[in-house]
Amino acid sequence: MKNNIVENPKIILIGSVNSSRKTLEKLLEHQLNVVAVLGLDPQAATNVSGYCDLKTLSESHNIPFQYFTKVNDAEIVDFVKSKQPDLVFVVGLSQMIREELLAIPKYGLIGYHPTRLPEGRGRGALAWIILGKVQGAASFFKMDEGMDSGSIWSQQNYEVGDQDDATSVVQQILKAIDKALDAVLPDLKKGIFMTTPQDESKATYLGKRNPEDGMIYWNQSAANIHRLIRATTKPLPGAYTYLGTKKLVIWNASVSEITNHLGVVGRIVIADASGVHVQTGEGLLKLENIEGIDIIDLKVGNTLGFNFEKEYFKLSERLETIENQLKNGKS
């Protein structure tokens with residue numbers, strides 16, 4: 001689908017993360033006419049993985065900048081209207097764009113998603129990609145009222161290996177964005193905007209992932225637990241387990257090469273110069289970078305994972321002790 005638009009169109013970028021910054025950098029590199037940038041307010045970014053403040057880069061190029069908390073608020077809509085954009089890029093933003101904002105730019109909005117659309121529409125894509133559920137790609141598309149459903153403008157695949165984690169995949173995504181935009185921005189500057197409709201029969205959808213989805217179940221195989229750790233490491237919230245009631249976040253681990261030890265699932269069977277190795281449902285997992293306790297304080301015999309029954313009875317005993325003290329007049 002070919003759309004001839006005005007040469008060197010007036011562009012606004014809206015975003016909040018590293019992919020937003022990379023897109024802005026490419027727009028500037030190709031000398032596109034960026035008339036404003038809207039960035040998520042740092043105070044609203046507490047739970048945004050990979051947050052990036054766009055203010056400094058924008059102002060260093062004398063581009064008007066505006067923070068937002070909710071992108072559809074009236075003052076933001078008015079700000080966008082005042083710039084009379086031809087195109088609005090929405091990159092790295094989890095908030096849905098409502099109809100009033102969709103209608104402002106003369107030639108529409110360009111969205112971005114890190115999967116090979118139409119596969120993998122929805123949220124939590126980074127983790128799902130590493131978990132092997134969907135193909136990764138830097139996909140730019142003309143937005144409509146659906147979820148990641150607009151016509152494709154540019155698309156660049158990237159591959160995820162067995163040792164890649166969220167940190168390394170983010171770097172691959174940024175490289176793919178480079179290539180995807182290099183392929184189309186020269187034409188866009190000339191007023192050429194080509195898109196291809198998505199094949200709805202091939203559309204798949206990813207369910208939202210929450211921080212609690214990173215909880216480790218030690219009865220799974222070491223390979224599967226390792227994949228979960230890779231899929232949830234920084235800039236995501238991390239995979240986690242418990243030692244008693246103490247929460248431990250595991251940022252990095254590996255499938256152990258030791259095969260001559262066997263223990264109870266979740267229990268540390270080796271803790272020496274070779275490292276800390278935990279028994280899983282299949283094989284050992286070597287812990288390499290954890291938060292919540294010094295790794296040297298983990299000992300052979302420690303059992304990881306939350307034992308609800310055990311903690312329930314421990315709590316019951318504490319409550320019984322407190323009740324007895326109160327009955328005996330002790331504080």
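Student: In this predicted model, which residue of β9 is the bridge partner of F140?

Tutor: That partner is S154. The two strands involved, β8 and β9 (residues 152-157), run antiparallel.

Student: What makes β8 and β9 a pair?

Tutor: Pairing takes at least two bridges between the strands. β8 and β9 have five bridges, so they count as paired.

Student: Why is β8 called mostly covered?

Tutor: A residue is buried when its relative accessible area is under 20%. Of the seven residues in β8 (residues 136-142), six are buried, so the strand is described as mostly covered.

Student: Let's turn to helices. How do you know that the length of α6 agrees with what a helix should span?

Tutor: Happy to! Helix α6 covers residues 166-182, which is 17 residues, and at 1.5 Å a residue it should span 24 Å. Its end C-alpha atoms lie 24 Å apart, so the two values agree.

Student: What makes D165 a cap for α6?

Tutor: A side-chain oxygen of D165 is 3.1 Å from the backbone nitrogen of T167, at the N-terminal end of α6. The cut-off for a polar contact is 3.5 Å, so this pair falls within it.

Student: Why is α8 called largely enclosed?

Tutor: Eight of its 11 residues are buried, so the rest of the structure largely encloses α8. Those buried residues, including H226 and R230, pack against α5, α6, β12, β13 and β16.

Note on methods. Residues numbered from 1 in each chain as written. Predicted model: local features only at pLDDT ≥ 70, side-chain atom pairs only at ≥ 80, totals over all residues. Heavy atoms only, no water. Helix = DSSP H or I, 4+ residues; strand = E, 2+ residues; numbered from the N terminus. Expected span 1.5 Å × (residues − 1). Polar contact = N/O pair within 3.5 Å; in protein donor to acceptor, adjacent residues only side chain to side chain. Buried < 20%, exposed > 50% of the residue type's maximum accessible area, 1.4 Å probe, protein only. Contact = heavy atoms within 4.5 Å.
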